[in-house]
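Hi,

Here is the structure I promised to send over. Have a look at it first, and then read my notes below.

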Amino acid sequence: MARSKTYGGFALLSKAAVCLTFLTNPIPALATEVLALGDSLTQGYGLPAPDGLVPQLQAWLSAQGHEVTIVNGGVSGDTTAGGLSRVAWSLTPEIDAMIVTLGGNDMLRGLDPAEAKKNLAGILQEAQSRDLPVLLVGMSAPGNYGADYKAEFDAIYPALAEEYGTLLFEDFFAGLREDGQMPADATAMMQGDGIHPNADGVVKVVEALGPKVEELIAQTGDD
């Protein structure tokens with residue numbers, strides 16, 4: 001009996017020691033991982049690697065004190081159809097949330113807005129099936145294809161955000177706009193093609209987009 005009591009007392013001491021170990025040496029928190037699914041705007045087309053959207057966004061978030069890794073899922077030239085075709089295997093088990101920035105190439109090619117909406121809905125459904133929060137980043141169509149096309153295309157993003165309960169950042173280029181319009185000196189923030197922001201332009205994009213990404217991170221409960 002005495003032996004049994006001694007063993008029991010040792011067990012209690014051992015448990016106390018284990019608890020003390022966890023208190024003094026806590027398991028480090030894993031960084032939140034966010035997939036940025038997009039096209040060349042996400043990939044960092046035409047820029048040195050550190051100047052692209054993903055590295056600048058991650059640096060901005062780190063400066064705000066967030067333990068987060070942004071996974072660059074940008075593919076230059078990708079359409080919403082391309083994004084839909086690869087979203088399932090891009091959402092690896094460690095991904096906690098997703099940013100979707102697609103539609104620009106659909107718009108530039110004059111593709112049917114209804115098809116783009118259907119593809120984006122498929123992407124959001126994939127995230128929903130995994131219970132992952134999403135930030136949907138919208139695009140604003142120019143008037144090249146007429147007022148009807150612009151109205152239908154621009155309406156895609158708010159409609160899908162409402163339907164699927166995602167966060168919405170209405171316009172990727174919002175940080176470059178003044179009173180809703182591109183400023184007269186916008187060329188100072190764009191690359192020569194007039195489509196992709198340069199490093200300074202990406203800074204402006206990130207400053208506007210960053211707070212909404214913080215909202216996304218908060219929805220993961222990991223940060």
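What follows is a short tour of the pockets, the core and the salt bridges. Keep in mind that this is a predicted model.

The largest pocket has a volume of about 490 Å³. Its lining is made up of 23 residues, and if you want to find the centre, look for Met 107, Leu 108, Ser 140, Phe 173 and Ile 195, which lie nearest to it. Two elements give two or more residues to that lining: helix 2 (40-43) and helix 5 (104-108). Helix 5 has the largest share, with four residues.

Among the residues that line it are Leu 124, Ala 127, Gln 128, Tyr 164 and Gln 219. Here helix 6 (residues 113-129) gives the most, with three residues. By class, you get seven nonpolar, four polar and one charged residue in the lining of the second largest pocket.

Now for the inside. The largest nonpolar core has 57 residues, and Met 98 and Leu 135 touch the most other members. Helix 9 (residues 199-220) gives the most to this core, with seven residues. If you click on Leu 135, and leave out residues up to four places away in sequence, you'll find it touching Met 98, Ile 99, Val 100, Leu 167, Leu 168, Phe 169, Leu 209, Lys 212, Val 213 and Leu 216.

Last, the salt bridges: a search of the whole structure turns up five. I'll go through three of these.

- Asp 78 pairs with Arg 86, with the closest N and O atoms 2.7 Å apart. Asp 78 counts as buried because its relative accessibility is 10%, and Arg 86 is buried too, at 8%.
- Glu 126 and Arg 130 meet through their side chains at 2.8 Å, N to O. Glu 126 is partly exposed, with a relative accessible area of 21%, and Arg 130 is also partly exposed, at 34%.
- Lys 150 bridges to Asp 154, with 2.9 Å between the closest N and O atoms. Both lie in helix 7 (residues 147-154), four residues apart, which is about one turn of the helix. Lys 150 is partly exposed at 28% relative accessible area, and so is Asp 154 at 25% relative accessibility.

Cheers

Technical notes. Residues numbered from 1 in each chain as written. Predicted model: local features only at pLDDT ≥ 70, side-chain atom pairs only at ≥ 80, totals over all residues. Heavy atoms only, no water. 1 Å grid on protein atoms, 1.4 Å probe; cavity = no way out; pocket = protein on both sides within 12 Å on 5 of 7 lines; lining within 4 Å. Points joined across faces, edges and corners; volume = space filled by probe spheres on them. Nonpolar A, V, L, I, M, F, W, Y, C, P; charged D, E, K, R; others polar. Core = buried A, V, L, I, M, F, W, Y, C linked by side-chain atoms within 4.5 Å. Buried < 20%, exposed > 50% of the residue type's maximum accessible area, 1.4 Å probe, protein only. Contact = heavy atoms within 4.5 Å. Salt bridge = Lys/Arg side-chain N within 4 Å of Asp/Glu carboxyl O.
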